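Thanks for coming. I will go through a few pieces of this structure, so please have a look at it first.

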Amino acid sequence: MTHTHHIEVELKRFRVTTTITLDRRILDEAFVALEQATPGRTHVAAGCWYQSGPGRLVRVAAGVAVAAAVVLVAFVLLSPSADEPTKTGRRQPRPTPEPNATGGVVTAEQRLARERSEIETMSAARNIGGLVTMLETGLPASRRLAAESLGQIGDARALPALSRLAEQWEGDPADNPFAQAIERITDRIQDTEPNVPDANEAPVSQIIPQAATAPVLSGTITDIDSGEPLDGVLVSLSPSGGGRVYEVATDSKGLYALEAVDNDGVYNLTLTAPKHITQAEWEQPQETFHFRRAVWERPREALHLRKGKHVIKDYTLALGAEILATVLNEAGQPISGANVYASYVADDTGRGPKRPIRSDAIGMASLGGLPADEYMVTVAHPDYALAGRTVTLARPGQAEPIVFVLEKGIDIIGAATCSDGLPAAGWRIKAEPEWWRSPHSRAGDDLVAEDGTFILTHIVPGIHRLSVYVPVEGGSRRIWSTDVSLPPETGLLDLRIPKKSPHSHVSISGTVTFTEGEYEEGFRIDARNEVGWSGSTYLDAGQTEFVLTDLVSGVYTIEIVIAGERNEFTNIQAPSEGIVLEITIPRALRFQAKVVDAQTHLPITRFRHRRAGELDWCNVDDPEGAFQIITRSSDAVKLTIRADGYGDRIAELPGDPNTVTIVGLSAPLALSGIVADEAGHPVEGATVSYRYGHSPDQLSEDKEITTTHAGGRFVVADVPPDSTYHWFVFRHPDHARTLRCIEMAAEGVTEAQIVLRKGGAVEGIVYDWQGSPLPEADVYFMDEKSFSYWAQNRARLGKVTTDAFGYYRIEHLPAELCYVFRGDPDTELGVVLTSILPRAGQTVRLDIGGPWKTTGRLMCKGEPVANTKLLVMVQAGLAQGFEAYALSDLLGQFSFYGLPTGRRALYWAVPGGRGAKRWFALTNVDFQRGVDVDLGDLEAVAAEATVELLFADETLPVDRWDVSLCERYESSLSRQVGQLRFRREPSEPFVFDALSAGQYDVVVSREGYPAIRDRLEIAPGQSHAGIAVTIPSGDGRISGQVVSRSDSEPWPLTLESADGRIEMSVTPGADGAFEIGHLPAGDYRLSHSRLDSALARVRLAAGGHETVRIEVNPVDEHGYLNVLIVTDEGVPLATPDVWLERAERVVEPVYSNDDATAFTAAPGTYTLCVHYPGFRSVRRNVELKTREARTTQEILEPMVITMSRE
Amino acid sequence: MSERRLIRRLKQGDTEALREIYLAHKDGLLTLAYSLVHDMNTAEDILHDVFVSFAGAAGELKLHTSLRQYLTTCVLNRVRDRFRRRKTRAEREEANVPSEPICTTPEDAAVLAEQTQRLTAALAQLPVEQREVVTLRLNAGLRFKEIARLQETSVPTVQARYRYGIEKLRALLPGGSLE
């Protein structure tokens, strides 16, 4: 939670309440005022201003009276002393207003005033008898006042009268003044009861020293190893729905006790310990999906607390390691107030296990309770430059001292200009060193002045990431960031922000309406235009008007997710007002289920379930094993059900609310096996983990389940019975990681033999972005399964650090394609990602980067393009086996060091673009390892293209057409490009900015109409291109029926005209029927992407209607082959010419990248041909097999083709 | 019961309707008043004045907004009256001079959590306009548009005041002091 958000939440929570005295004072006077304002019309409800209520309230009041009687007896026996001084109200009662002349009413008012005065006198004199009389005879308001006075005095003699009145009370029980008085008196009696020590109960009184009643929650917190009690552990309880947070700390005996909570309900418990490991909120433990191996106590859990019910929770915590940071200035003097924070190195977002600590007066900050891990320790102080250092904590109890000497740094003056040429006034610019990850940065980022100037303070020279923030409701939003080398050579930092200035911002406002009901929760409204500019706002429950501010002009798509349903509103123009977004609320549905033993069919009475994607379990204790779920989504509800003694079961409750689904649980399956090495010797100490990838339960992957014992034996006792095949990962430090898919027997124990291989070694030198060997660099190895940039996955196969000469070596890598990361691809320069195919029993060399260079200059219309990122990879936006980045300097010059052999593209980052869309191809290059290349001047032209729509006749609608530009690729991997400018009128042409030279597909579409496809080419250096696309008229129709011989869902069909200009996708209904309209005359074919041959061919006359019947046996007719092409050194060779030949027919790959080449064609034998300059060409016979015919090994591992140099 | 019916009954002199209105809004309005003046006695006085005046004007009541907004406006006007009076007395010239933080009584201290005290003490240091916006937005739950109407200014100005208010609170409540 951000600090700003925290402030907002606290302010929202803040609430003060009136006292009863104040209520009485205000209402009494307000009633008089009302009478005067509405003379003759005032009618006072029975019992003055309390209301009559249902009979149940009387029973409650009777209960209070009984309780009061019991207390009274106890009180008499214990002979009380209740001579507490009366608490007076905060203020004296205000004088009663002057009565007016209206007879009867004035008398009552006078009487009220008199009685009030009497009560005050009696209270002061502690005249209990008088007050009790007033209880019996006074006006209703006076009775209430008397009851309050008696409650304050706390004299039990008043209890009988109060009990009687409490019983007679007919108003809201919460407002019953007599019951409240009884409660106060009994509280006072209990407070004054003598505390009789009971030897047998001594521990309880220790646990709860402050109260005579039992607390709602108590327990002890001890050290997991020594069993010693832990002092000063903070126990926080926050209601799951928000509200007051309760905190108690353990005492010297490790005891804690929370006396009471205001409301019954579910509370989240969090522990905070100075020296012991607890978890941050984001680290909430996710239990292993299927294997219940408790690694440690859950330090954060949900507890159901109820008044009067005592819950005992004991916790054991493990001792953590400690970082002892000393923060000094350059003169060696301590710096106090510096924020010291430790984040996990492996966490991309810089999250850590503990909150930041401020350095004290002697510059010390102790961060304790840290799990053994690698940390980036950062220090932020408003008056100094940011500092940070990595530290590895290996064992519990370790205290690692670090000294930080903070530099003052220098101030850098800059000027920020927006894309419309206006200063970025009011925005903020934050500069952080490129290695900075911590979310706890320095406060006081730098505000851009009206003239666009800003000052970056306390900067240490080096590469920095500049982030630009715009103020938004309640905080700020980062809109752009760029890497720059500071200080700039020219002295002044000229920052061109590719966003329009605040002066150009507009808004969208309107109302959300709900049909078929009210929506009782708040929801978020998100708007996004085609170039990714977004805005969002949150509407509280009941709020319907919205304003999306800080938008740029353009066409937006608004998205609202209500009850899990996504509601999208397209073509909304900004600026606009009075937009009405109509949302149909799905009805709440009830899904019912019953959990039984699959064999005996007897109900399982205690179990818990959790919905897919959620973290919290719901416990059920029902004699029939029944439970229900109420949801607004009509989709089937997917649940995991877990019960002791059974395997987890993933159950799906169908969307029929009248059905009770019976879920049978079976005993868990077991896997038993032996892990041995290649020589057949058992391997002890190998870990067994579950598969990669996300489980159906959406929980984290790859949890360690067990370890092999003597004889290499392992047992996994509770494999869930929901699937036949299970993936397991076996690891051992002296062997390569092994991934095995094991087919489980239908019941009982499945035996497995696992062979761990030694694998191969990889070694080499790591170079930085300027071609120098890089010492102390971390190199991560990741396998191909579930490739991701996510830092947690990067070290899946191992991690090494280079020595002082930049050398690294890693052993025991599996003989499969490994991805090698240096640092973070998002932020580092140089070669950040490459790949290698290790060889079993051998060492292969892989240098990451190198001393040879590829240089060039980025120019735009004769001007250098400075501070711009460049990228070398095969195709921007796709995950693949190689990435290298460079940054242009002030002269537009850039250098890449150590690009390996392969054909790749060079891209530059167009200002204002986001994600994959920001990369624009400059040129394709055949890079050669060890050869310097100068690419010369490269024109970074952001061309524009105009697409004009012409309509063949007047019957065609002219509005709501969408136009997109896609890169032309033979494969299906083309991506959308260009930034569409805002159009005010449907008649205006579509203008796309930020295009590079190349060939594009222009796709014109409109709902219900077939799409029109055309081609557009932008020549190198061309700054503008245009095309007119004619929308053909036509009212022809093709309808039909897909008859499938299997039970599978109807496949989506593609309709394409013979010339390829018209196309449309259509998914037949459940009955197989489909219809396509608005078609011009011509020849069409209906096909499916997984079938080679056309399903039907149709000749359509003008205005005609053709009917087709398609009989399809949806068996995949395709054969598949994956190929990995590597050099002699085992390094993947990027995009050689590769194709298949068979009987004069050539098959191009559907996907060709540097880490995989994939073919899809009719099954059979082909000749695979690979050609790359400087390498011997390869021709080899290969087999394309259908999905069914391929073995798991063939699916998982590509065919490796090694290319030898000539 | 719908608000309209409640008002109709109130205009007929129904004390029950007045009681319902009071109970529904008292805590919210007291919180608002307290957040703005940072003094419980003054806040209670304001709540008192607002309701007695509201009841006194019930015969002629014409609501163009929600009741909540109407009462919020009344509280705001009372708060402003008090600031104006105090300003006159102290001969202050600056419109944006923040009110001095007022020491809370021991009783208040017992009522308010330490954290909340820090927040409200920081709130008291904001200029009046910013404090109004922050409090009206977060405590009273008013929309920026409604606040703009109350402050007789534009929505962007209100949003800017909110932003600056929150930023100043951030500065006054250094990171972690609330955590």
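Predicted model: local features only at pLDDT ≥ 70, side-chain atom pairs only at ≥ 80, totals over all residues.

Residues are numbered from 1 along each chain as its sequence is written, and chains are lettered from A and ligands numbered from 1 in the order in which they are written.

The axes of α1 (residues 3-11) and α2 (residues 15-37) of chain B come within 7 Å and cross at roughly 130°, on a scale from 0 to 180 degrees between N-to-C directions. Helices here are DSSP runs of H or I with at least four residues, and strands are runs of E with at least two.

Which residues of α1(B) meet α2(B)? They are Leu6(B), Arg9(B) and Leu10(B), and they meet Glu16(B), Ala17(B), Leu18(B), Glu20(B) and Ile21(B) (contact: heavy atoms within 4.5 Å).

Next, helix α7(B), residues 128-138: 10 of its 11 residues are buried, so the helix is largely enclosed by the rest of the structure. Buried means under 20% relative accessible area with a 1.4 Å probe, protein chains only. Among the buried residues are Arg131(B), Glu132(B) and Arg137(B).

Last, chain A. An open antiparallel sheet has 4 strands in the order β11-β10-β13-β14, pairing being at least two DSSP bridges. Its edge strands are β11(A) and β14(A).

Note on methods: Heavy atoms only, no water. Buried < 20%, exposed > 50% of the residue type's maximum accessible area, 1.4 Å probe, protein only.
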